[in-house]
Amino acid sequence: MNIIKKFSLGVLITLFLSFSANADKIKIGTEGAYPPWNSKDASGKLIGFEVELAWTLCRYIGQQCEIVEQDWDGMIPALIMRKFDAIMAGMSITAERQKAISFSQGYADEVASLAVMKGSDLEGMDTPAGINLTKPNAAAKKALKTLTVALAGKTVCVQTATIHQNFLDSGDVGKVNVRTYKTQDEVNLDLASGRCDAALAAAVAFSDYAEKSGKPVVLVGPTFSGGAFGNGVGVGIRKDDTELLNTFNKAIDKARKNGDISRIATKWFGFDASM
Amino acid sequence: MDFELMINSFPKLLNATLVTIKLLSASLIFGLFIGLCFAILRVNKNPIVNKFAYGYSYVFRGTPLLVQIFIIYFGLGQIEYLRSTVLWVILKEPYWCAIIAFSLNTGAYTSEILRSAFQTIKPGIIEAGQSLGISNKIIFYKIQIPIAIRQSLPAYGNEIILMMKGTSLASTVTLMDLTGVAKYIISTTFKPIEVFIVAGGIYLFITFIIHNVIKFLEKKYSY
């Protein structure tokens with residue numbers, strides 16, 4: 001009996017300590033599967049642009065932080081259900097997501113691109129280098145038409161619940177056969193296996209994969225920004241958490257002024273993706 | 001609780017249920033055939049034959065269905081040689097990969113269910129057949145198999161229900177089954193509870209039907 005009492009007291013104390021220790025920690029959720037934004041090294045430790053940036057922002061905020069891993073498709077529900085307090089997971093600021101959560105100012109921007117395997121008949125499309133979809137100009141509209149023709153009946157693979165899926169579902173490039181995957185890794189695997197005629201994601205995600213796997217993945221067509229692709233990547237925060245939102249905005253200001261964001265971005269992306 | 005979302009997502013989920021049912025019925029048909037073949041091999045006296053059948057059921061019952069479906073879909077897709085063969089026509093499609101994985105999995109369980117049913121048939125029944133001068137082959141096909149199938153109905157009913165729930169893993173290889181569509185709706189509305197309650201309700205209803213069909217068959221073929 002005595003042992004049981006002591007044991008339960010021990011359990012209670014441990015529980016209490018773990019709760020109270022967590023009370024003033026900011027928990028940041030990330031996916032850990034979208035290099036170079038966020039990923040894991042061989043030992044399972046979270047690394048990447050956003051992981052390093054998160055630690056830097058926490059230093060400016062002056063509070064303890066904890067980075068939590070969360071599958072991409074449950075990221076926003078997990079934030080709303082208070083599993084963590086902020087999202088830093090390469091999540092672009094879009095109007096659709098802003099219905100559910102708030103975003104800090106953007107800290108980095110990415111362009112999206114289609115990728116195919118070398119030798120695909122989608123190579124050599126006649127399009128401009130990049131198009132902005134916020135207010136598409138004549139050249140952008142023409143590029144979308146070219147894409148519509150080229151992609152008709154093709155299978156294009158994307159990670160689920162991303163701006164890339166939204167874009168394909170929007171019908172801007174006609175009716176393509178969209179196939180969705182849980183992680184970008186799986187998209188890359190099926191692109192390499194030939195199940196996908198093309199894939200759409202952040203251009204850096206493909207160049208990272210091509211470099212690490214040695215597979216002949218090539219970017220085709222224009223790079224995309226604006227419109228369905230959102231306005232940069234920011235920290236996602238619950239709508240009622242305005243105080244934390246301000247805290248993050250101030251920390252991002254400081255980190256930008258001191259050149260931290262562009263330094264970290266250059267380290268992970270190979271170019272300055274900060275904004 | 002967002003009841004409007006629940007009502008709006010219902011038709012979409014019902015549509016996706018068709019995919020779930022297609023996957024389930026195809027897997028059960030192939031799985032029953034595989035299971036019957038391997039159960040017959042299991043009761044074979046030749047040690048090589050029955051060890052082989054045992055090995056198959058051991059591997060497929062001893063590994064998670066998710067691992068099996070990943071090996072068949074993502075694993076086989078990485079083998080360059082395979083992609084140049086005619087097999088790739090089938091393996092390229094997530095639909096067929098899922099059916100292959102589910103059939104092999106349920107086949108392993110079904111073979112075990114049928115094997116135990118074969119082994120519980122009383123020797124007296126077989127001896128009665130022999131004393132009437134019926135050949136061993138006919139005893140096996142006309143007496144042992146029908147009795148074994150009747151014996152295994154309750155356990156097989158369970159297996160159908162387990163397999164039905166297993167089809168939710170099809171969403172991991174890009175298929176838009178009931179779970180896949182539920183996840184898709186959640187990814188645009190960010191409301192998992194409402195959507196999963198509706199999806200769960202549909203799964204429960206399918207279970208209800210399977211359960212009653214099996215109960216009806218048990219009654220009909222009771223002896």
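**Core.** I began with the largest nonpolar core, which has 127 residues. I noted the members with the most contacts inside this core: A:Val156, A:Ala199, A:Ala201, B:Ala98 and B:Ala101. Helix H6 of chain B, residues 94–120, gives the most to the core, with 12 residues. I keep in mind that this is a predicted model. In soluble globular proteins, nonpolar side chains tend to be buried together.

I then looked up the neighbours of A:Ala201. Leaving out residues up to four places away in sequence, A:Ala201 touches A:Ala112, A:Val158, A:Gln159, A:His164, A:Gln184, A:Val187 and A:Phe206.

**Sheet in chain A.** Next I traced the strand order. I found an open sheet of 6 strands in chain A, ordered S8-S12-S7-S11-S9-S10, with mixed pairing. Its edge strands are S8 (130–132) and S10 (177–181) of chain A, each of which pairs on one side only. I read an average twist of 30 degrees from one strand to the next.

Helix H5 of chain A (138–151) packs on this sheet and touches S8, S9 and strand S12 (217–225) of chain A. I noted that the direction of H5 makes about 115 degrees with that of S8(A). I also followed helix H7 of chain A (184–193), which lies across strand S7 (112–117), S9, S10, S11 and S12 of chain A. H7 runs at about 155 degrees to S9(A).

**Strand S11(A).** Which strands of chain A did I find bridged to S11(A), residues 198–202? Strand S9 (residues 155–159) of chain A is joined to S11(A) by 2 bridges, and the two run parallel. S7(A) is joined to S11(A) by 4 bridges, and this pair runs antiparallel.

I then checked who faces whom. A:Ala199 in S11(A) has A:Cys157 opposite, and A:Ala115 also stands opposite A:Ala199. A:Val156 stands opposite A:Ala198 in S11(A). I recorded S11(A) as mostly covered, with 5 of its 5 residues buried.

**Contact between chains.** I turned to where the chains meet. I count 17 residues of chain A in contact with 13 residues of chain B. On the chain A side, the elements that give two or more residues are H3, S10 and H7 of chain A. H7(A) gives the most to this side, with 4 residues. I sorted the chain A side by class and got 7 nonpolar, 4 polar and 6 charged residues.

**Helix H9(B).** Last, I checked the length of helix H9 of chain B, residues 178–189. At 1.5 Å a residue, its 12 residues should span 16 Å, and its end C-alpha atoms are 17 Å apart, which agrees. The expected figure takes 1.5 Å times one less than the number of residues.

Is H9(B) mostly covered or mostly exposed? I found it mostly covered, since 10 of its 12 residues are buried. The buried residues include B:Leu178, B:Val181, B:Tyr184, B:Ile185 and B:Ile186. B:Lys183 is also buried in H9(B). Among what covers the buried residues of H9(B) I noted helix H3 (75–80) of chain A, along with helix H1 (3–42) and helix H10 (192–220) of chain B. Just after H9(B), I saw that B:Phe190 takes a positive phi of about 60 degrees.

Note on methods
Residues are numbered from 1 along each chain as its sequence is written. Chains are lettered from A and ligands numbered from 1 in the order in which they are written. This is a predicted model: local features need pLDDT of at least 70, side-chain atom pairs count only at pLDDT 80 or more; totals for chains, interfaces and linings use all residues. Two strands pair if DSSP finds at least two bridges between them. Axes are lines fitted to C-alpha atoms, for helices over the stretch in contact, and angles run from 0 to 180 degrees between N-to-C directions. Two residues are in contact if their C-beta atoms, placed from the backbone, lie within 7 Å. A residue is buried if 20 or more other C-beta atoms lie within 10 Å of its own, exposed if 12 or fewer, and partly exposed in between; C-beta atoms are placed from the backbone. Ala, Val, Leu, Ile, Met, Phe, Trp, Tyr, Cys and Pro count as nonpolar, Asp, Glu, Lys and Arg as charged, and the others, Gly among them, as polar. A nonpolar core is a set of buried Ala, Val, Leu, Ile, Met, Phe, Trp, Tyr and Cys residues joined through C-beta atoms within 7 Å.
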